[in-house]
There are 2 protein chains.
Amino acid sequence: MPHRRSAFFVSDRTGITAESLGNTLLTQFDTEEFKRETIPFIDTVEKAQELAQRIDEVAREDHEKPLVFTSIIKADVRAALNIPSALVIDFFETFIGELEKELGEKATLEVGKAHGMSNEEKYDHRIEAVNYSLNHDDGVKLKDLDEADVILVGVSRSGKTPTCLYLALQYGIKAANYPLTPEDLGSPTLPKILLPFKSKIFGLTIDPNRLHFIRSERRPDSRYASMDNCRREVNEAESMFRHHAVPFISTTHKSIEEIASTIMHKAHLGRRF
Amino acid sequence: MPHRRSAFFVSDRTGITAESLGNTLLTQFDTEEFKRETIPFIDTVEKAQELAQRIDEVAREDHEKPLVFTSIIKADVRAALNIPSALVIDFFETFIGELEKELGEKATLEVGKAHGMSNEEKYDHRIEAVNYSLNHDDGVKLKDLDEADVILVGVSRSGKTPTCLYLALQYGIKAANYPLTPEDLGSPTLPKILLPFKSKIFGLTIDPNRLHFIRSERRPDSRYASMDNCRREVNEAESMFRHHAVPFISTTHKSIEEIASTIMHKAHLGRRF
């Protein structure tokens with residue numbers, strides 16, 4: 001059995017940031033496997049003490065130091081997680097002093113603070129974007145494309161839908177999508193309905209082998225999924241993008257986060273909340 | 001005009017982690033406003049040098065140090081971002097040495113490394129979860145609820161759809177949702193169709209005032225949106241959850257991340273990729 005060390009991602013909120021940065025660090029080490037656990041909402045000294053005790057027990061069972069990645073704002077809660085039998089990596093405490101010095105101001109140390117928009121306003125904004133993206137998935141409502149922040153265009157299964165939803169949830173971007181059908185692909189020009197919105201169009205393409213694999217999972221042995229058809233569709237879509245000088249990226253080896261942030265960057269879009 | 005300091009979130013990948021942790025730190029300071037910019041995909045020395053020059057120019061224009069939050073893995077790219085005229089907060093370099101020491105192993109310093117599942121496998125898994133959640137939005141396909149990891153139940157506009165999509169995208173969780181209609185709410189028991197899946201049900205509730213506000217945006221002056229009706233529906237839904245001892249949370253003051261991570265935690269769900 002391979003050696004496995006315990007790693008905890010601990011936060012007073014969702015734990016998403018502590019987990020993400022902690023994992024970035026852990027992927028740099030090859031020989032160890034990690035037993036990972038994310039523990040959100042550690043926002044009182046009592047919860048922190050209870051957790052510290054549990055981690056201390058794990059340390060004794062494992063006969064080695066668990067790694068504890070934390071991003072906790074309140075000083076007393078942080079202090080309760082100062083576990084001698086663990087290696088505690090504190091993403092908050094490490095940097096806050098340096099920032100206080102540079103900004104000439106004490107940190108307020110309040111949890112869940114948000115500047116500007118209220119939580120409710122942010123929520124409403126994201127929901128509006130999600131609803132917009134859901135209602136404009138697969139080109140169902142073309143008449144109000146002028147409201148879109150971006151319109152993703154690509155062949156079936158090139159990654160449009162999850163990318164639109166991620167753009168809406170993560171950035172509050174109203175993302176419509178338009179699937180290029182075999183009929184659209186017969187001509188080298190963009191479908192007429194899209195022409196007025198050319199400046200908002202972003203193309204998605206994909207390696208034909210990968211497309212063949214994805215489509216075969218869905219409709220095995222169909223013309224739709226055949227290697228020949230996938231190759232032809234991808235070629236024609238890319239020609240169309242080039243013909244109109246529409247920017248496009250390949251989704252093949254990218255995570256949804258990478259596709260979305262590339263589009264944000266290349267289309268000069270900013271977070272909407 | 002209020003004083004505004006420049007803050008850059010710089011990454012060799014998407015920038016989401018650097019931005020998120022950087023913002024957590026910045027929200028602790030009240031008196032300053034920040035000009036924030038996220039710069040992803042700084043993965044070569046050349047790109048880093050170009051950016052360093054730009055940040056140095058900003059420093060001279062601002063007459064004060066820009067804040068630069070980075071999570072860059074390669075040492076030479078990091079070195080190129082060592083900008084004397086800025087305060088550089090390096091999320092990677094600060095901790096990697098400590099981890100190397102504890103783990104008795106040198107960091108591989110490779111960008112985009114992923115242990116276990118390949119990017120493609122992860123992608124497929126998330127897409128499957130997204131498609132599942134889309135196909136089971138608003139209870140449209142009840143026959144295969146046994147495939148769901150979790151079934152969110154709540155009145156119309158209590159936050160089910162965005163939470164399901166977030167659970168699918170962020171955690172690879174197959175999340176179905178069932179909207180409690182006025183007909184369902186007439187009885188104190190869960191709709192019959194849900195009873196076999198009771199153990200997978202998680203309730204969402206919402207403050208009636210907030211629900212009234214959200215519904216009024218959608219259908220002003222309707223019975224659906226009326227304060228009386230919102231209060232009654234929320235009461236009846238909560239009674240139903242209590243009757244069946246179904247766990248439930250209020251979405252009122254929570255972000256989508258907080259709702260989703262609370263459900264992950266309370267329903268003992270684990271990330272699926």
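This is a predicted model: local features need pLDDT of at least 70, side-chain atom pairs count only at pLDDT 80 or more; totals for chains, interfaces and linings use all residues.
Which residue of chain B does the side chain of Arg5(A) meet in a salt bridge? The partner is Glu102(B), with an N to O distance of 2.8 Å.

**Extent of the interface**
- Contacts involve 78 residues of chain A and 79 residues of chain B.
- About 7,400 Å² is buried between chain A and chain B, and carbon and sulfur atoms give 61% of this area.
- Of the area that chain A buries against chain B, 10% is supplied by Gln28(A), Phe29(A) and Tyr123(A), more than by any other three residues.

**Polar and charged pairs**
- The rule finds ten salt bridges across the interface of chain A and chain B.
- Polar contact joins 22 residue pairs across the interface, both residues being at pLDDT 80 or more.

**Elements and composition on the chain A side**
- Several elements of chain A each supply at least two residues of the side that touches chain B, among them helix H1 (16-26), strand E3 (67-71), strand E4 (87-90) and helix H10 (256-266).
- H5(A) gives the largest share of that side, nine residues.
- By class, the residues on the side of chain A that touches chain B are 34 nonpolar, 21 polar and 23 charged.

**Symmetry**
- Chain A superposes on chain B by a rotation of 180 degrees with 0.0 Å of shift along its axis, at an RMSD of 0.0 Å.
- The two copies are therefore related as by a two-fold rotation axis.
- Thr17(A) has the C-alpha nearest the axis in chain A, 3.1 Å from it.
- Both copies use the same surface, as 100% of the contact residues of chain A recur in chain B.

Terms used:
Residues are numbered from 1 along each chain as its sequence is written. Chains are lettered from A and ligands numbered from 1 in the order in which they are written. Side-chain values use heavy atoms; hydrogens and water are left out. Contact means heavy atoms within 4.5 Å. Buried area is the accessible area (1.4 Å probe) that two parts lose on being put together, summed over both. A salt bridge is a side-chain nitrogen of Lys or Arg within 4 Å of a carboxyl oxygen of Asp or Glu. A polar contact is a pair of N or O atoms within 3.5 Å; within protein, one must be able to donate a hydrogen and the other to accept it, and residues adjacent in sequence count only if both atoms are side-chain atoms. Helices (H or I, at least four residues) and strands (E, at least two) are DSSP runs, numbered from the N terminus. Ala, Val, Leu, Ile, Met, Phe, Trp, Tyr, Cys and Pro count as nonpolar, Asp, Glu, Lys and Arg as charged, and the others, Gly among them, as polar. Copies are superposed by least squares on the C-alpha atoms of residues with pLDDT of at least 70 in both.
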